[in-house]
Amino acid sequence: MVGKDCVKVAVRVRPFNKRERDAGSVCVVSMASSSVTLQDPCGGPSRCFSFDHVYWSHSGFSREGGRYLAQEPGGRYADQACVFQDLGEGVLQSALQGYNATLLAYGQTGSGKSSTMLGHGPNPGLVPTLCHRLFHSLTQHQDSLQSQVFFSMLEIYNEQVVDLLCRGARAPGGLRVREEQHRGFYVEGLRRVPCDSAVQVEQLMEQGTRARTTATTHTNANSSRSHMLITLQLKQIFSRESITKQSFISLVDLAGSERQRGSGSEADRLKEGTAINLSLTTLGNVISALADVALGRRGVHVPYRDSVLTKLLQAALGGNSRTFMIATLSPADICYEESLSTLRYADRAKRIQNRAVVNESPTERLVKELKVENARLTQRLSRQEGKRTEEESKELRRLLRQNELQIRAIQTLWEQNLQEALRDWEQQYASITQERRMMQVHPYILNINEDAQLSGVVKLFILEGDWDIGLSDSSPRCISIRGLGIQQHHAVFSNSQHRVSVTPLPGSKLIINGNSISQKAELQHLDRLILGSNSTFLFIGYPSERGEEDWSRYDYDYFQSELAAAEGIHLHSQGEPSGVSGQTDPSLLAVFYDYIKLMPMLAEANQMSQELHKEVEFKLEIKNLALSDARGHDLEKDIAVRVTSLKNRQVWLWSKSKFVNRKYLMEELYQQHQAEGGGAVGPVPRERDPFWDPVEPLLLGKAHLWLQSLAFRIALDEQLEVLGSEGTEEAIVQAQLIPCSPTGLSLSEEDILIDPSELLGRRLDFQLVLDQCCGLRWLRQARDRGVQIGFQMFDCVQLFTPAVWHNVNPLLDQRIHFTSLQTSPALLEYLQTSALVLELWGLQEGCVELAWCLEGVGTTPEGSFIIDQASDTPAVCTVDSLQRDLEALRKDNSSLRDQLSMAKHGCECVRGQAERSQAERSQAERSQAERSQAERSQAERSQAERSQAERSSQRSSCEVELGRSLKVFYHSMTSVRALLQGLRRHRPSEDAGLQALRLYVCEQAAQLKVFSEELEQSVAALKQDVAAIVRRKRERSGTWS
Ligand SMILES: Nc1ncnc2c1ncn2[C@@H]1O[C@H](COP(=O)(O)OP(=O)(O)O)[C@@H](O)[C@H]1O
Ligand SMILES: [Mg+2]
């Protein structure tokens, strides 16, 4: 019976994890009946998807003894049992009916795939529950049913298949995937273990997980990049009906989906040629192609053969299988992009149509046919006994016997296999029981892995006496471990009188609780140990030392936070994660978590570089820690990796994603090197070498040249400090801003503007002068280097000064003239609020110098760069200038009106005075009566003129005075700003003790005092000046009137 089945797709959202809680994350996922809505944290439209099932496992739960349970019966929270009810049950029933069944878990790393599939401690996932239910069902029907279950477990890492149940040495390059006509693709030589109980399967899974853990540490691989595939092969022989059914149950925990897109948006020379996870990318392509097929597109090629995973899942995808997919989501806003991509993926998957059939394999048909044949022979024998010759009967009996033997052989083979597997399992079980017993008695170290699923899998006991730990396993007193940076003899554990200590051997790295150790150190219960570059262990003391604490808090993040703290990168005090979380800046939190995530990867990259003789060193940097944008706002912080060649001091700065991408390529190179016996690596062509890049100019730091003075047409001469990303002083740049005439002549004090809005609509010319760069740190480190300065003035293109080489204090001697033909409000606002950001670029031998492209840049006939070009567009220009004209006319009009009324008032005063004096004069000196009217009018006129001139000169002198005071104030502000910068820069040294810290605080307080005094003085001086100007103005206008 052939039916069309669509892939059933479910989505599950997990609770916030610690990082997300600390970062104050917001849940962007909501669910209702069978739909999921994802809210864009940036305010974009919400996305809604519908699926066969949705599981809300984000909130509404309580934890009892580590078990996640719904807070109230029938509550919203979907626990493991709830997920099993739909998906697990679906898989189980399909398999029992004889269909192949597949269950895939898809989602970004940490979204809950393994938790859903395998589960954790008291929260068993789909796989263990499925096994329990399967065996339960088989035992219930054992009267009418004979069954066989085979278990296998494999991992696909970097397109290699690793058998996780393999007992012997691993095949180099992994197992081969073969294809046979009737079987399809299969893994050649994969161990299939017969099982007859769920406990046995669980045991095997534990064994597989252990193998996975050691594989990751041995080959320096990352479990989030690997796919784990568990296959249960179920055979059911229904003796009464003479039917045999066979089904394959494939349970797949896929690699973290985020890898699919490789290194994010960042361009990397090596990105194109590498598929970070070919299997996952191909799975995406297969799903897309199948979704297209389902939509009726013809001639679609489904690229099953392009990767190992899709070969093995061919039946599951569009073939003979009932397939289920669970897509897991993080609820957090910071994971929005990943969650959206997961939902889109899942949405496509649900369109895939499969054609599942109940299976009868040839072997079973043989048994069935043999049985039918036997029945026929028996019948013939009984019917024809009398008639046939002796010969014939003999022949029939022989055939009958032969057939029965064959049937028995097939059945006993299974019995034998099962017995063998049980013996093997008993051995394993005995060793696990032994391990559990030892855990109750002895101290030990416990592995801690980045993948919680693989943590606590390896336990190394430290019995009485001295124990060598390292790669070596040459003596019985050796504890053999492998991992990056582990020496042959790495350290010695001593256990005597119930005390355990550890001594690192010369040249080996050992970190305890975040601190590097070079001498013998006594261990306390729950101490954190890092051996080599990144082999992390938790020390479990004698049972008498163990309390009730929850060990699970000492996870991988905890180890890395502790290391970061030792490097001075703190988030908050260890152990009180939520104490200040409310106040921590989320962007800083994100950087902190990136830092601790990259730290172990960096240690590994350094170790690989050393072992592969690559002679490059990696160091983490926090980008923009001390830098701000053109308006002085903090720039977004981010992590960068500084790569330095130890050979020639060349430096590269890699983005986080580029480093992660490269790290994977390094791992591949390293694994290849290990596979080839760890000798010297053959030369890798440069174009494929992940440790190498062509040299490029490097952004060393930035300086801010504030443009405010230009708005007043005041010249500015500054010594600017170029700050590196982390606040280091990279250089001092001498720069000037000079307002000038169109021909480049400096303006005089008289041209200073009181009101910058006077610039609007007028031409503005100014020059940027870059005189010299002093004390270049970049050059002090190595002389075969050079620098350039890049900057972008308003809407002009990015310009660069010519390169200067081999000089710590190079002369730049650059004078660049800019012109705005008609200053727009936008330019004016820019001048008043922004700084010109001068970028200092470091050049290294062999790198291409930075050049500007003047395409589209206008120049005046004098050759200056035209800025503010947008305001030149005709329409904008007309409206703007009309508006400006109107405004100016209004102003003129009102001032003329003022003048008129003043003049009138003046005239009346003068007339009154004249009349009074005339009366006096007529009384005293009649003789003067002959003074001509013409003379008098002349006097009146000149008086009025003088008053007018006085008034206007009084106004212009006030303006000049104000301009001067502003200039003084502006200059004093420059020195105040320098003080502020000094204060910001001044930090205690990293290893400062308490005494030094006290000194630092005193110094800082003294500087702060100087700063505030200067600030107050400057402001007070300005206030005084302004008050004096206002007073004088009043006095004069009083005298005048
Ligand atoms: N449904 C859930 N309920 C509670 N905790 C969960 C759930 N899903 C995931 N987690 C927690 O999230 C962490 C990461 O989950 P994990 O399954 O290891 O992710 P993945 O396998 O996708 O990388 C684990 O520590 C796990 O305890
Ligand atoms: Mg996982």
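**A first look at the cores and a hairpin**

In this predicted model, the largest nonpolar core holds 53 residues, and Phe618 and Phe659 touch the most other members. Helix 12 (residues 586-611) gives this core its largest share, twelve residues. Welcome in; here are some places to start looking.

**Cores**

- As a general background, nonpolar side chains in soluble globular proteins tend to be buried together.

**Around phenylalanine 618**

- Setting aside neighbours within four places in sequence, phenylalanine 618 is in contact with Leu602, Ala605, Asn606, Ser609, Val641, Arg642, Val643, Trp654, Phe659, Met666 and Phe691.

- Strand 33 (residues 638-645) pairs with strand 34 in the antiparallel sense, over five bridges.
- Valine 643 has tryptophan 652, in strand 34, as its bridge partner.
- Five residues lie between the two strands of this hairpin, and arginine 649 in the turn has a positive phi of about 60°.
- Strand 34 (residues 651-655) is mostly covered, with four of its five residues buried.
- In general, side chains in a regular strand alternate between the two faces of the sheet.

**Cysteines**

- Zero disulfides turn up in a search of the whole structure.
- Cysteine 6 is partly exposed, at a relative accessible area of 35%.
- Cysteine 166 is also partly exposed, with a relative accessible area of 31%.

Notes:
Residues are numbered from 1 along each chain as its sequence is written. Chains are lettered from A and ligands numbered from 1 in the order in which they are written. This is a predicted model: local features need pLDDT of at least 70, side-chain atom pairs count only at pLDDT 80 or more; totals for chains, interfaces and linings use all residues. Side-chain values use heavy atoms; hydrogens and water are left out. A disulfide is a pair of cysteine sulfur atoms within 2.5 Å. Buried means under 20% relative accessible area, exposed over 50%, partly exposed in between (1.4 Å probe, protein chains only). Two strands pair if DSSP finds at least two bridges between them. A nonpolar core is a set of buried Ala, Val, Leu, Ile, Met, Phe, Trp, Tyr and Cys residues joined through side-chain atoms within 4.5 Å. Contact means heavy atoms within 4.5 Å.
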